[in-house]
Amino acid sequence: MMTKTLDDMKMVHEEEMQNYDRMQETVTRVMHRHGCKIIQTPAFEEYDTYSRLFPQLKREMVKTIDTDGQVLVMRPDVTVPLVRTVDREYLDPHQLLKFGYLSTVFREFFEKSTHGKYFTQSGGKCWGFYGGM
């Protein structure tokens, strides 16, 4: 039985959490097997970054205001903060990098059987140098 809450977001009950935990363990195991480092990006990002890079998402992003009055969005995507981190923290262009993630992203989402402001997204990103012959 699904309990309705604000904006038709549903409560996740124990049975569904157990399924989610199994799924997360399986996905993480596959990523590790392929040499990925598992990451979690920040839950909040600057609104201006996303509105500039993804103007089509402006209406779909979940926004909030921090204590300094800056408009933030709840993580609408994993790629942008991951690219920013790689650019800032991994300076060796010859280093092969593999990252995996399984994160909740927050944005209005409409799919065949899903409606809501958050969903789980997983994926992998690989950066590397190919020297060629």
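Q: How should I read the accessibility of Arg-84: is the residue buried, exposed or partly exposed?
A: Buried means under 20% relative accessible area, exposed means over 50%, and partly exposed lies in between (1.4 Å probe, protein chains only). Arg-84 has a relative accessible area of 32%, so this residue counts as partly exposed. This is a predicted model, in which local features need pLDDT of at least 70 and side-chain atom pairs count only at pLDDT 80 or more, whereas totals for chains, interfaces and linings use all residues. Residues are numbered from 1 along each chain as its sequence is written, and side-chain values use heavy atoms, with hydrogens and water left out.

Q: With which residue does Arg-84 form a salt bridge?
A: Side chains of opposite charge can pair when their charged atoms come close. A salt bridge here is a side-chain nitrogen of Lys or Arg within 4 Å of a carboxyl oxygen of Asp or Glu. Arg-84 pairs in this way with Glu-45, their closest N and O atoms being 2.4 Å apart. Because Arg-84 lies in helix H3 (residues 79–89) and Glu-45 in strand S2 (residues 44–46), the pair ties together parts that are 39 residues apart in sequence. Glu-45, at 5% relative accessibility, counts as buried, and a search of the whole structure finds one salt bridge.

Q: Which residues make up the largest nonpolar core?
A: A nonpolar core is a set of buried Ala, Val, Leu, Ile, Met, Phe, Trp, Tyr and Cys residues joined through side-chain atoms within 4.5 Å. The largest one has nine residues, namely Ile-39, Val-78, Leu-82, Val-86, Leu-97, Phe-99, Tyr-101, Val-105 and Phe-119. H3 and strand S5 (97–110) are the elements that give two or more residues to this core, and S5 gives the most, with four residues. Apart from it lies another core of six residues, including Tyr-47, Tyr-50, Leu-57 and Val-73.

Q: What does Val-86 touch?
A: Contact means heavy atoms within 4.5 Å. Leaving aside residues up to four places away in sequence, Val-86 touches Leu-97, Phe-99 and Trp-127. Across the chain, residues 24 or more positions apart account for 61% of the contacts with a separation of 6 or more.
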